[in-house]
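Dear colleague,

Please find the structure below, handed over for your records.

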Amino acid sequence: MRAGSKQLIREINQALVIDAVRRERSVSRTEIASMTGLSAPTISGITNELIERGLLYEAATGESAGGRKPILLRLNAGAGFVLGVKVTEREAIGVLTDLDADIVGRARTKLAGGSEHDVVDAIARLAARLSKRVDGRPVYGIGVGLAGVVDRRSGTVRHATYFDWRNVDVAGLVAERTGLPAVIDNDINALVANEHLFRHGRDVDDLLVISLGRGIGLGMVLDGRIHRGALGGAGEFGHVTIDPAGPDCACGKRGCLEAIVADPALERRLIEVGSDLDLRTALRSSPDAAEAEFEIFRDAAAVLGRAISDLVNVLNPGRIVLTGEGVELVTATGDILADSLRAAVFDGLADDLETVVQPWKDEDWARGAAAVLLGDLFQPSFRRNDALRPTLALAPPG
């Protein structure tokens with residue numbers, strides 16, 4: 001940790017104020033003082049400096065409680081930008097976002113191959129293309145999301161799902177090629193960062209994000225912090241064993257959750273019952289699909305609900321977000337997943353549980369990667385090795 005100093009304390013206080021404005025969207029100086037515990041003079045000094053630097057602005061006046069109407073502060077989301085890139089098997093999907101994670105630019109590029117250099121080349125192409133849209137305002141860094149076991153702190157990919165990589169310093173390679181601070185995270189953790197900071201999870205401290213599609217992913221916010229595990233591998237929900245005698249899984253085991261409810265498993269079962277519909281068409285025609293087809297989806301939704309109930313029993317989240325390209329399984333089967341989940345949850349744990357089905361866009365993965373970098377921007381640099389990590393606190397004006 002960095003040694004205590006006036007500069008560090010000032011940086012921490014600035015980060016607290018910036019983050020409070022981000023979370024509340026529109027907030028008075030008095031409310032910031034109540035939220036952070038900082039004194040009114042300290043809040044006044046910090047907010048005035050942040051306004052001068054262009055990071056905050058006075059938006060409007062709030063309702064009066066009997067005295068003068070309070071002036072409300074907001075984050076100037078256009079004061080700078082970040083880049084986010086999702087790496088898939090064959091392409092890299094990039095977005096440019098403002099400081100509120102709203103997308104202002106999009107681009108895609110094919111991978112020339114599967115080496116780390118091919119991937120870094122693709123990321124660099126996207127960064128160059130998207131950075132042309134910033135009009136002289138700062139680009140604070142680039143976030144990368146990738147399937148696999150990722151050590152978020154060191155920027156190292158321990159194992160990449162789609163590539164034959166082991167212990168590759170992807171963040172370092174990207175920073176060297178682009179000249180921008182870079183962070184990398186598991187792609188589902190990137191989705192969690194986006195939900196926690198900017199979407200459905202911004203008002204809860206215990207959140208689960210479950211991604212459905214070619215695989216089954218899990219990201220967790222526990223007690224207000226993203227939980228990644230000791231090696232960055234937490235959340236391999238898709239490889240929980242549901243049936244030891246079940247179908248083979250791509251991981252080499254049998255009966256994993258993915259082998260029963262992920263898209264490839266559903267596609268296989270449609271073929272087995274003689275359906276001539278592709279998976280997406282069959283899901284969109286439910287529940288009017290043939291009985292054999294709908295039974296496949298009904299069974300899968302029930303299995304998924306029971307599996308999620310185990311997470312609820314262990315982690316007791318306040319909200320669950322279901323998302324991904326395979327989320328149609330949930331919408332196509334009505335209340336089956338919810339009923340299955342609640343039937344298996346320990347008494348009382350589902351009483352206040354909220355489940356949100358998030359409509360899916362392919363670029364959400366890249367937006368999540370940008371959110372990982374944005375999460376850093378709203379925090380002070382506590383550790384000595386954070387010197388190169390971007391932060392809005394004490395950052396030079398844009």
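**Cavities and a helix contact**

By class, the lining of the second largest cavity comprises two nonpolar, two polar and three charged residues. This is a predicted model. The residues that line this second largest cavity are Leu191, Asn194, Glu195, Arg199, Thr323, Trp360 and Asp364. Helix 6 (residues 187–198) provides the largest share of that lining, three residues. The space in the second largest cavity is about 40 Å³.

A search of the whole structure finds two cavities of 30 Å³ or more. The largest cavity holds about 40 Å³ of space. Its lining consists of Leu212, Gly213, Val261, Ala262, Asp263, Leu266, Arg280, Leu283, Gly326 and Leu329. At least two residues of this lining are supplied by each of helix 8 (263–272) and helix 9 (279–285). Divided by class, the lining of the largest cavity has six nonpolar, two polar and two charged residues.

Turning to helix packing, helix 1 (residues 6–24) packs with helix 3 (residues 40–52) at an angle of about 75°, and their axes lie 10 Å apart. Angles of 65 to 115 degrees count as roughly perpendicular, and helix 1 and helix 3 are therefore roughly perpendicular to each other. On the side of helix 1, the contact is made by Arg10, Asn13, Gln14, Val17 and Ile18; helix 3 contributes Thr42, Ile43, Ile46, Thr47, Glu49 and Leu50. The residues of this contact comprise five nonpolar, four polar and two charged.

With kind regards

How values were computed. Residues numbered from 1 in each chain as written. Predicted model: local features only at pLDDT ≥ 70, side-chain atom pairs only at ≥ 80, totals over all residues. Heavy atoms only, no water. Axes fitted to C-alpha atoms, helices over the stretch in contact; angles between N-to-C directions. Helix = DSSP H or I, 4+ residues; strand = E, 2+ residues; numbered from the N terminus. Parallel < 35°, antiparallel > 145°, perpendicular 65-115°, else oblique. Contact = heavy atoms within 4.5 Å. Nonpolar A, V, L, I, M, F, W, Y, C, P; charged D, E, K, R; others polar. 1 Å grid on protein atoms, 1.4 Å probe; cavity = no way out; pocket = protein on both sides within 12 Å on 5 of 7 lines; lining within 4 Å. Points joined across faces, edges and corners; volume = space filled by probe spheres on them.
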